[in-house]
Amino acid sequence: ASRANSPEFRDVAVHLHPYTNARKHEEKGAMVIERGEGIYVYDTAGKQYIEGLAGLWSVAVGFGQPRLVKAAADQLAKLPYYHSFAHKSHEPSIALSEKLLQLAPGKMSKVFYTSSGSEANDTAVKLVWYYNNALGRPHKKKIIARIKGYHGITIASGSLTGLPYNHRDFDLPIANIMHTACPHHYRYAWEGESEEEFASRLAGQLDEMIQREGPDTVAAFIGEPVMGAGGVIVPPATYWEKIQKVCRKHDVLIIADEVINGFGRTGKLFGSNLYGIEPDMVVMSKALTSSYLPLSALLMNQKVYDGIADNTAKIGTFGHGFTASGHPAATAVALENIKIIEEQDLVANAAKQGEILQRRLRALADHPLVGEVRGVGMIAAVEFVADKKTKAPFDPAGAVGQYCFDRCQEHGLILRNLGDTVAFCPPLIIDEAQMNELLDRFETALAETLDWANS
Ligand code: PLP
């Protein structure tokens, strides 16, 4: 009876979790987190964990930040809700848009608000389609994403995502969404192929795909500057420069999905800044509010906006928007969150502490289980392989990653296992001692994982 009454089992009695293995969860119970402070969260037994993935790659300023609580409370007291339909507005959303346009990579012109990364990417798909309809070329509709890219899980954004389990049971991708190669040099480069050669080959493949489909039918290319949920995949040198060239050649819009990269994660304010990407549209969420409240933003440049605005009268209203688009409390929290990121110079801190993260993880490259260590700034991953020489994965796939993840949790460190890849993405406020503590806990778990793998 006490087991059934515990929050861990009351939870599984009533919840169907995202990405669940439901029967296994029923048996194990949920992990119930009660509170958070800084880089730490605490479960109902009071056990402390370093949140090494910043929640879901998102809690940039850390947990329990009182300024964000106050920003939300003040706004909720003043105007808890108003919408942005029929040209209504409110101050926090105006001020946030001004700020985002000032910070954005490339020269952006307007902001459209949604509440999740998925909704923002769905909105991007619709805007691209509307834009080309407006320009009198409704056949220019295809959007190219990448294998292992992650853009969300709704019907359109889940189609953009390039992972099999997001498609398999749902008849995805929908029509007009296709995938080109994943820019993972370790996995997909030919023997002896340099990063630059690999990048040229992938850009060539994209060019061929667009030619084959017909450039007059291809509307946009979407990508995360550094891939996140697909395994923290850092593109090979010259990749983005070559991909952009192909897109420009065929009048294909570039959409930068900055949902994980944005607001300092890579050691630059945006991943696009790191690679010289000049997007036509930018997608932001997660660290935009440090996930204290749900909010996402889709920014578009003048070319896209003008295409839409000049033609709205001709083809009719852009029939898209959400009840919570630009929610006052969420936009107020985002403003204060960005202020904290600026005042505490968290982008510089991501670069500085990220250097420790990258250096200490790369020192594990010779470890018998480790195939590749990769990352940039404060996002990183360690991929386990059965054979370091042939890069052969473990069978069954994911078991070693799962074991390591479980051992980390036992030692008070929450990371994320993506198959046999373990991902790191701590809050941007982490200091040097905390970063070293995180890595010490990981190395303890890794040593136990090796013992287990050898037994
Ligand atoms: N885009 C990227 C790059 C993401 O990492 C995610 C979520 O992890 C999404 C979009 C989807 O965001 P959401 O889960 O808020 O729908």
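Which strands does helix H16 lie across? In this predicted model, H16 lies across E11, E12 and E15, and the helix runs at about 15° to E12.

E11, E12, E15 and E14 make up an open sheet of four strands, in the order E11-E12-E15-E14 and with antiparallel pairing. At the edges sit E11 and strand E14 (416–418), each of which pairs on one side only. On average, and with direction ignored, neighbouring strands of this sheet are turned by 20° against each other. The pairing of E14 with E15 is antiparallel and runs over three bridges. Within this pair, Arg416 has Ala423 of E15 as its bridge partner.

The wider setting comes next. The protein is divided into domain 1, made of residues 31–61 + 345–454, and domain 2, made of residues 67–343. The C-alpha centres of domain 1 and domain 2 lie 27 Å apart. Their contact draws on 24 residues from domain 1 and 22 residues from domain 2. On the domain 1 side, the elements that contribute two or more residues are helix H4 (54–57), helix H16 (346–362), strand E11 (370–376), strand E12 (379–384) and strand E15 (421–424). Sorted by class, the side of domain 1 that touches domain 2 has 16 nonpolar, six polar and two charged residues.

Attention now turns to the ligand. There are 15 residues around the ligand, and those that come nearest are Ser116, Gly117, Ser118, Gly152 and Val259. Helix H7 (residues 117–134) gives the largest share of this shell, namely three residues. By class, the shell holds five nonpolar, eight polar and two charged residues.

Just after H14 comes Gly316, which takes a positive phi of about 105°.

Key
Residues are numbered from 1 along each chain as its sequence is written. This is a predicted model: local features need pLDDT of at least 70, side-chain atom pairs count only at pLDDT 80 or more; totals for chains, interfaces and linings use all residues. A residue is near a molecule or strand if its C-beta atom, placed from the backbone, lies within 6 Å of it. Ala, Val, Leu, Ile, Met, Phe, Trp, Tyr, Cys and Pro count as nonpolar, Asp, Glu, Lys and Arg as charged, and the others, Gly among them, as polar. Domain bounds come from an automatic or database domain assignment. Two residues are in contact if their C-beta atoms, placed from the backbone, lie within 7 Å. Two strands pair if DSSP finds at least two bridges between them. Axes are lines fitted to C-alpha atoms, for helices over the stretch in contact, and angles run from 0 to 180 degrees between N-to-C directions.
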